[in-house]
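Please keep the sequence and the structure in view while reading.

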Amino acid sequence: MEVFGNLLYGFSIAITPLNLAMAILGVVLGTAIGAMPGLGSVNGVAILLPITFAVPPTAGIIFLSAIYYGAMYGGAISSITLNIPGASTAVATTFDGYPMAKKGRAAQALVGAAVSSFIGGTVSIILFTLFAPPLAEFALRFGPAETFTLMLLAYATFAGLGGGNPLKTIIATLIGLILSTVGLDIISGRPRMIFGDIAGFYHGVNFLVLAIGLYGIGEILFSAEERLVAGDRVAVKVRLRDILSTIKEMVKYKRAFTIGSLLGFFVGMLPAAGATPASFMSYSVVKRFSKHPEAFGTGTIEGVIAPETANNAASTGAMLPMLTLGIPGSPTTAVMLGALVVWGLLPGPMLFIEHREFVWGLIASLYIANVLAVLINLFAIPLFTMILWLPFTILAPLIIVVCAVGGYAPTFSVFDMWLAFIFGLAGYVFRKLDYPLAPMVLALVLGNGTEVSLRQSLIMSHGSISIFFGFEGGVFSHPIAAALMWTSVALYAIPVVGAIIRHFRRRVALAKT
C-alpha cells in the first residue's frame with residue numbers, strides 16, 4: 001500500500017507541465033535517434049545530456065529516461081525498413097522484421113514492434129516499482145567493504161559475462177580507472193596525473209567529455225569510414241486497420257510476451273548485460289518453445305515480438321541497480337549515473353529517503369513515457385522513416401557541432417571541448433581495434449567511489465585485504481562483502497577456465513587426427 005501511495009505522489013510530480021514536456025520531447029528525440037543507424041540510446045543520452053543542465057534534476061532524469069525509451073522503440077524502424085539496426089539492441093529485430101517488410105508487411109512489423117515494446121516496458125515498470133523499495137532497503141546494509149566489492153563485481157561482470165575479448169575489456173576498464181584518478185587526491189588534496197601541470201586537468205576528467213568523445217565523435221568518425229550499406233528501402237504507410245489486425249494477430253503469442261518481458265527485465269538488471277544480450281536470448285528462447293520454430297527468420301511476427309519485448313524490458317531493468325545500488329546495468333545507464341553525480345545526487349538507498357520526489361517522479365514518468373512512446377510510434381512512423389533519408393553529409397556535421405557544445409557545457413572550458421575531440425579520435429581507434437567502450441565509461445563514473453570505498457576499507461582493517469573476504473579483526477563480520485568478492489573472483493575466472501578448456505579440446509582433437 002505504501003508503494004501505491006508513493007506512486008501516486010510520483011504521478012503528481014511527473015504530470016507537472018515542465019516534467020511532462022521533457023518526457024514528450026525525450027520520447028520524440030529518442031525515437032528519432034534510435035531510428036538513425038549508428039546512434040542508439042547511449043549516444044543519444046550522451047550527446048543530449050548537456051540540455052539537462054538547464055532544468056531541475058527531476059526533469060533532467062525524466063528527459064534522459066524518455067530518450068532511452070524512445071531509442072528502444074526507434075531502433076526497430078531502421079531494422080525493419082532498411083535491414084540496418086539503429087543500435088545493437090535492435091539487431092535481433094532484423095532477423096524477421098526485414099523479411100516481413102520484403103513481403104509487404106512492413107506496417108505489421110512496425111506495429112508489432114511498437115506494441116511488443118509497450119508490453120515489455122509495462123511489465124518491467126511494474127516489476128521495477130515493486131522491486132526498487134526492498135532492494136534499496138537491503139542496500140542500507142552496505143558499508144565501505146560491501147560497496148567496494150559491489151563495484152568490483154560490476155567490473156568483473158563486464159569481463160566474465162560481457163562477451164568479446166576479456167583481456168581487452170579489462171584493459172578498457174583499467175584505462176577508465178586511471179582517468180578517474182586525474183585531478184586532486186581525495187584525501188591529501190595534492191594534484192596527481194596532471195601531465196606536466198596542465199591546468200585543465202586539475203578538475204579531473206569529466207565523464208560527459210569522455211562519453212561524448214567516445215560515443216558521439218568516435219561513432220561519427222567510424223561511420224564516416226564504414227559508410228553503412230543499406231538494404232532496399234521499404235516505403236511504409238500505417239493505417240488504423242493495420243494496427244487493429246496486427247494486435248489481433250499478436251494476441252495468440254502470449255508466451256513470447258511473457259518470456260521476453262521477464263527475461264529482459266532480469267537480464268537487464270545484470271551489470272554489463274543490458275538490452276542487447278536480452279534481445280538475443282529472448283529470440284532464441286522464444287524460438288525454442290515456439291509451435292512453429294521453422295518460421296523464424298522467414299518473416300514471422302513472433303520473431304519481432306521476442307527481441308522487441310525483451311530490449312524494452314531490459315532498459316527498465318538496467319535502471320533498477322543504478323538507482324538502488326549505484327551500479328548501472330547498461331552503457332546508457334552508466335551515462336545516466338554520471339548525470340546523477342553531476343547534479344549532486346548520490347545514487348543508492350539514501351536517494352529513496354532524501355530525494356523521494358526525484359525517485360518516484362522518475363518511476364511515474366516511466367509509465368507516462370511508455371504510453372507516449374507507443375502512441376508516437378503507432379501514429380508517426382511515416383515521419384520517422386523520413387529521417388532515414390537524411391544524407392550522412394548533413395547529419396554528421398550537425399552531430400559534431402552538438403558534441404562540441406556538449407564538451408564545453410559541463411565546465412565551460414575550451415580545454416574540455418578539445419579533450420572531447422581527443423577522446424573521439426581515441427574512440428575511433430578503440431572501435432577499429434575492437435575494444436569495448438562501455439567498461440571505460442563505467443570505470444570513470446565509478447572510479448572515484450571505488451577509490452574512496454577501497455581506502456576507507458583498508459583504514460578500517462589496518463591495511464588488511466581480508467576485510468573484502470568477510471573478515472575484520474579475525475572475525476567474520478562482512479558476509480555480503482565476502483559473497484560479492486567470491487562472485488567477482490569466479491567471474492574473472494570464467495574466461496580463464498574457458499580458455500583452458502578450449503585449449504585442451506584442441507589438443508585432444510589434434511591427437512585424434
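**Helices, buried residues and ring pairs**

Ser41, Val42, Asn43, Gly44, Val45, Ala46, Ile47 and Leu48 are the buried residues of helix H3. That helix spans residues 41–48 and is mostly covered, with eight of its eight residues buried. The coordinates come from a predicted model. In the chain as a whole, buried residues make up 56% of the 513 residues. The chain has 21 helices and four strands. Among contacts with a separation of 6 or more, 78% are between residues 24 or more positions apart.

Helix H4 (residues 57–81) and helix H16 (residues 356–379) have axes that come within 9 Å and cross at roughly 30°. An angle under 35 degrees counts as roughly parallel, and H4 and H16 are therefore roughly parallel to each other. Their crossing is right-handed. By class, the contact of H4 with H16 has 13 nonpolar, seven polar and one charged residues. On the H4 side the residues are Pro57, Thr58, Ile61, Ile62, Ser65, Ala66, Tyr69, Tyr73, Gly74 and Ile77. On the H16 side they include Glu357, Phe358, Gly361, Leu362, Ser365 and Leu366, and also Ala369, Asn370, Ala373, Val374 and Asn377.

Two residues of this contact, Tyr73 of H4 and Asn370 of H16, are also in contact with Ser117. Ser117 lies in helix H6 (residues 106–139). Leaving aside neighbours within four places in sequence, the contacts of Ser117 are Tyr73, Glu308, Asn312 and Asn370. With a relative accessible area of 1%, Ser117 is buried.

Ser279 is placed in helix H12 (residues 275–289). Its relative accessibility is 0%, so Ser279 counts as buried. Apart from neighbours within four places in sequence, Ser279 is in contact with Thr89, Ala92, Pro307, Ala310 and Asn311.

The aromatic rings come next. A pair of aromatic rings is described by the distance of the centres and the angle of the planes. With ring centres within 6.5 Å as the cut-off, the count comes to twelve aromatic pairs. In one of them, the rings of Phe148 and Phe468 have centres 4.7 Å apart and planes at 40°, so the pair is tilted. Phe148 belongs to helix H7 (residues 144–161), while Phe468 is in the loop between helix H20 (438–460) and strand S3 (471–472), so the pair ties together parts that are 320 residues apart in sequence. Phe148 is buried, at a relative accessible area of 11%. Phe468 also counts as buried, at 4% relative accessibility.

Another pair is formed by Trp418 and Phe421, whose ring centres are 6.0 Å apart with planes at 45°, so this pair is tilted. Trp418 and Phe421 both lie in helix H19 (residues 414–432), three residues apart, about one turn of the helix. An α-helix has 3.6 residues a turn, so residues three or four places apart point the same way. Trp418 counts as exposed, at 55% relative accessibility, whereas Phe421 is partly exposed, with a relative accessible area of 24%.

Which residues form one aromatic cluster? The members are Phe131, Phe265 and Phe266.

Key: Residues numbered from 1 in each chain as written. Predicted model: local features only at pLDDT ≥ 70, side-chain atom pairs only at ≥ 80, totals over all residues. Heavy atoms only, no water. Axes fitted to C-alpha atoms, helices over the stretch in contact; angles between N-to-C directions. Parallel < 35°, antiparallel > 145°, perpendicular 65-115°, else oblique. Left-handed = near helix turned anticlockwise from the far one by under 90°. Contact = heavy atoms within 4.5 Å. Nonpolar A, V, L, I, M, F, W, Y, C, P; charged D, E, K, R; others polar. Buried < 20%, exposed > 50% of the residue type's maximum accessible area, 1.4 Å probe, protein only. Phe/Tyr/Trp six-rings, centres within 6.5 Å; stacked < 30°, edge-to-face > 60°.
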